Structures are given as C-alpha cells and as structure tokens.
Amino acid sequence: MSDDTAPLTPMPLRVLAGRIAHEWSTRSKIFDLPNARIWRPDADIDLGIEFLGRPCATPIGPAAGPHSQMAQNLVLAWLGGSRLFELKTVQVIDDLEIARPCIDMETIGYNTEWSQELSVPASIDEYVGAALLIAALSRWEPLAEHLGPDPGRHVFDMSVGYDLAGISTNKVAGFISTMRNASAVIERMRTELASVPAMAHLADVDLDPCIADTLTLSTFHGCPPDEIHAIVTHLIDVHDLDVIVKLNPTLLGIDTVTQILHDELGYRDLQLRQSAFDDDLTFDRGIELIEDLSAYAAARGHRFGIKLTNTMVVGNHRGLLGDDPMYMSGPPLHVLASTLCDRLATALPGRLAIPGHDGDIMVSFSAGVTRSNLADTLAMGANPATICSDLLKPGGYGRLAPMLRDLAGTIAADGCADLTSWRAHRQEAAVAEGYASSCARHVAHVRSDGIEAYHLDGNSKLPRSVDHDLDMFGCVACNFCITVCPNDAFFSIRTPDGSGLEARQQYLVYAELCNECGNCLGFCPERGDPAMIKPRLFTDPELFAAREGQGFLVIDGAVVDYRGDEDSARIVGDLLASPTGDPLGGAGR
Ligand code: SF4
Ligand code: SF4
C-alpha cells in the first residue's frame, strides 16, 4: 500500500457507456461480468417484494458499502439480478481520510470502511448515472436475450449519516432533494449518453427524475436514542421520506454476544469491547424507539422499517487493517442479526412485518447473506436481504445470479410460484415443526452444534497461496483480482501470440478506480499486492502526474507517458492495441 492513498476518480458516464459497448462486442462481458452471470428472471417464479411499498423484482441487492459507491458497481449489481440498491452512505464530511487497507475478507470479514469516499456532488453523479445506465441497458438490444422481456422494477434507497447536525446541513439536505428530483443531472447525463454511438438512441430513455425517495439512516456506533429519534422525525417532516433505521448487534447485550461469538461459534479471538455496548442503545430503549418511530411515521402517512444489522465493533486482533477498532461482518454477524430479529419479534408481538407476526414494520436484513442461507433469510421475513461480504469473495458480482437461480429453484421445489406464498408455506412448515416462526426456526438452526458455515471451524481457512513473487506481467491468472474488486478496477487482456509473455492472460488495473482497499491483496495467491505491482493505468494526465510509482498514462488507447522501464511501456502499449485489448475501446476522459 502506498502512504498517500489515491482519491477515487470515477469515469464519466460517456466513458462507462463506451466501455460497456466495447467490452460487449469484444469480450461478451460488461464491466468484466460474463454474459452467463447476467440474471434473467424466471417467468414461472415471481421473486418480487415490496420495499416500503415500492415494488422490487427480486429481493436482493448490494448493501450500502463498497458495492454501491460508483456507477459501474451499481450496474454490475443490477446485471447480477439486484433490484434493491442501498446506496453508500453520504454525510457532511465528504473528504474522508480512511486508513488503508480497509477490507479484510480472508476469513469471516472485517473492514474499517465508513461512508462515501466521493464528494457529495460526485456521489450524486454516480447514483444518477447508474440509474440512467440501468434504464438504457434495460432497452439495449444486445442484452435483450440475456435479460429477458422484462428485467423488472428496482429501487434505489438513499443512506445518510451520521448525526442531526450533519444531516441538517445544506450539503446533505441538497443531496436528498437532488435525489428526489434529479432532472437537471439527468439532462446532463443524457447528453453524455448521446455522444456514445452504440447507446445514442437510448439517450432519451424513460427515467423517473425521482431517483430515490426512501432512506436508510446510518448512525454512529454509540449514537444516543434521542438523536436517532430526532433524525428520523426530521427526515419524515422535512424531507417527506419513508425511513429505515439501521440497528446495531449490540442491542443483544454483551453477555448474549459473548455467548454466541465465543462460546457457541468458537471465535474466542474476537475482542469485544464493553464500551461499544455501554455507548449503544439498550434492548429495552430500542423497543421503545421502534414503537415511537413507527407510530410517528404512521401518523404522518409514512412507512417505517428497521435494518438488521450494522457491523459488530471488535478490536483489531488480526493486524491487517490500518485502523482499530474494526467492524466484523460475515457468518457470525448473520447469527447475531438473526437472533436479534427473533428477539425483537418476540418483544414486539404483531409489529414486525415478518411471517408469524404480520405487522407493518419492515425488516431489512444485511448480515452474512450467502447463496446457502438466502432462502432461509428470506423465509424469516427479510425484505430485502442485502449483501456485501459475500460479494467481496472470488466471483464477486457473479455470485448474485446463482443465488437467485437457487432461490427460484427452492420456491419451485416447494410447489410455490411466488416468494410471498412460499414464505407463508415455510411459516406453516416451521409451526408444524414446533417453532413459533420461520425466524425462530432459522435461529435454532444457525445456533445449533455442528453448523460449520457459521462456526470458526468452517471459516478459518485462509485463501490459497503459491510460493511465487508476483510480477508485473504473468501470474497464475486466477482472475481473483478482477472479481473481488468492488470497483471493477482490474481487467485482463488475452496474451497476444508471439508476445513472449508467460501466462494466457495479463492483468492491468485502472489506478483511478482503485481506492487501495486491499481486497485483491487478500485473495491473490502470489506474493505481492496486485493493485501496486500490475500495470497501473491512468486516463487523466493530472492524476498521473500527481502520483508516484509505476504507471502508464493512456490516451485514446495508447501509452503516451509512463513511469517505469521502456520495455514495460512497450508491452502495455502492445496489450492495449491487441484484438481484445483496451476495454475502453480507445475512449478517454
Ligand atoms: S484493485 Fe484491489 S485494492 Fe484496488 S479497489 Fe480493487 S480490490 Fe481494492
Ligand atoms: S494478479 Fe494475483 S489475483 Fe490477479 S490474476 Fe494474477 S494471480 Fe490471480
């Protein structure tokens, strides 16, 4: 990792659209996602849900985080079948310094990430740009056979943080109002789309100027309950929004969390901090808050929901990440969040909108959701199930479509044709087995002995490694650096015949899309950091000049300047000029 981290620099919509068209024609991929991993709805199984009353054609999507930060991330998630997008949290401090690396997915999953790394105006451009690209791709003829006749409705859900003072600023208020009516931004984006020959005819595609009118509140760990109450009422009264409040797993109390993580699941290395519990909402106060806010929203004609859960604060016992504490996610968080869901449902009888309770408080769920537990998570009543840790594993966004195919298969195998009736079927089955609800049944399952998927024993194996130092050209070509990167910063080029290079593929990275999160470093089998060792391409002369270390400035598909040796510059130039070469098709900023 470099000492000074490069700022993320999004590619303009015009470049992204050109990349889509060029990659599709030369590689049958979009942002490195192969056509076989594009979700095509099953005409016989309706996976649709309602999110705060708005229809979503599938019940999954990226959780607010690295997969919902940039336009290409959102497009990738949509292609994989996501139809609910929790946009990355926007806050008043929009020039964050985050210690790197900030993602450690080698085992269960830890991070020290925070909110959007882009400025508020740049965030708006990414979110609105993604909405326009998705609308255009829905109608783009080459994708029709892969998407099917109707890709279905989707919802963008805003997220803001972290306190009332920040949320009340003009900057954050302006973000919310622009997302509610983005007409001016959309018009600017349409002009960019019109300049891309393969997409120009879609520049006037239908797009609702209201990009988002729901919001998930992210609060600091330790945010006082009165502050949460004040923020939610502000969002309802001032911004006329339906709101979800993200809750912390600390609501379970330190005794229960210790029992689950240390005693039941075996994660005795996890350093829980009493202060994290002392500062956070207690369970009883949390119940009062949910009741109060639900009543407040209902009295004003708004919907209200809770999200389970935020990550769990733990000490940095692994020493890989650049900050302390760090935030735990993955399988053990799934057990905590499921347990919390069951406890809240029991303490709020008839209030949560989950099977067996059938209330009106929607439960959004984001905690260690995977292909193997998605169906059980949805059977609990999760609406939607959003995903982060699993998408940071090899396969990345390509893991989404198989999840949905499995889900559709499970629903069909149970003799149902839609998610809603299947949930009722699963609830009946759970009651017949003696459980109060599907949720209680799932909790009993994930906390029972011998379930390796959640236990330390099933989550302690490190990624595979080989005894070889990573070189700029040539490697074992596992493709992991491409798929684990949330920003699609990496790409590959087939090694041209007669080049003299070893390996069938060469890997290169758009340095401007890399925030040095460290995820590719964690999964690369060779010794070394792919994001620093593989050729680092720049498309912006100023950014190229501002950086140090090896790098290649690429304009119109050709290397026009470089730092490093002449041979490497020649090889990069040859690779970009080869038949499947430059993914941008020669487009530049
Ligand atoms: S290239 Fe690697 S370090 Fe950079 S953003 Fe992608 S995964 Fe993170
Ligand atoms: S750089 Fe590492 S992660 Fe990327 S393809 Fe090569 S060996 Fe795999």
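This is a predicted model: local features need pLDDT of at least 70, side-chain atom pairs count only at pLDDT 80 or more; totals for chains, interfaces and linings use all residues.
A pair of aromatic rings is described by the distance of the centres and the angle of the planes.

One of these pairs joins W24 and W140, whose centres are 6.5 Å apart and whose planes stand at 65 degrees, which makes the arrangement edge-to-face. Because W24 belongs to helix α1 (residues 13-27) while W140 sits in the loop between α3 (120-139) and α4 (144-147), the pair ties together parts that are 116 residues apart in sequence. W24 is buried, with a relative accessible area of 13%, and W140 is buried as well, with a relative accessible area of 5%.

Another edge-to-face pair is formed by Y127 and F175, with 6.2 Å from centre to centre and 70 degrees between the planes. Here Y127 lies in helix α3 and F175 in helix α6 (residues 170-180), so this pair ties together parts that are 48 residues apart in sequence. Y127 and F175 are both buried.

Aromatic rings also meet charged groups in this model, as R300 shows by placing its charged end over the ring of Y296, at 3.5 Å from the ring centre. In a second case, the charged end of R563 sits over the ring of F538, and the distance to the centre of that ring is 6.0 Å.

From the rings we can turn to the helices and what covers them. In helix α16 (residues 438-446), the buried residues are S438, C439, A440, H442, V443 and V446, and the elements that cover them include α12 (330-347), α13 (374-380) and α15 (419-432).

Helix α21, which runs over residues 566-577 and has 12 residues, reaches 17 Å from its first C-alpha to its last, close to the 16 Å expected at 1.5 Å a residue. Buried residues of α21 are S568, A569, I571, V572, G573, L575 and L576. An α-helix has 3.6 residues a turn, so residues three or four places apart point the same way. The cover over the buried residues of α21 includes the strands β17 (490-494), β18 (505-510), β19 (536-538), β20 (551-555) and β21 (558-563).

The last stop is ligand 2, which is surrounded by L470, C475, V476, A477, C478, N479, C481, Y507, C524, P525 and K534. Sorted by class, this shell around ligand 2 holds nine nonpolar residues, one polar residue and one charged residue.

How values were computed: Residues are numbered from 1 along each chain as its sequence is written. Chains are lettered from A and ligands numbered from 1 in the order in which they are written. Side-chain values use heavy atoms; hydrogens and water are left out. Rings of Phe, Tyr and Trp (its six-membered ring) pair if their centres lie within 6.5 Å; planes under 30 degrees apart count as stacked, over 60 as edge-to-face and the rest as tilted. Helices (H or I, at least four residues) and strands (E, at least two) are DSSP runs, numbered from the N terminus. Buried means under 20% relative accessible area, exposed over 50%, partly exposed in between (1.4 Å probe, protein chains only). A charge sits over a ring if NZ of Lys or CZ of Arg is within 6 Å of the ring centre and within 35 degrees of the ring normal. A residue is near a molecule or strand if one of its heavy atoms lies within 4 Å of it. Ala, Val, Leu, Ile, Met, Phe, Trp, Tyr, Cys and Pro count as nonpolar, Asp, Glu, Lys and Arg as charged, and the others, Gly among them, as polar. The expected span of a helix is 1.5 Å times one less than its number of residues. Contact means heavy atoms within 4.5 Å.
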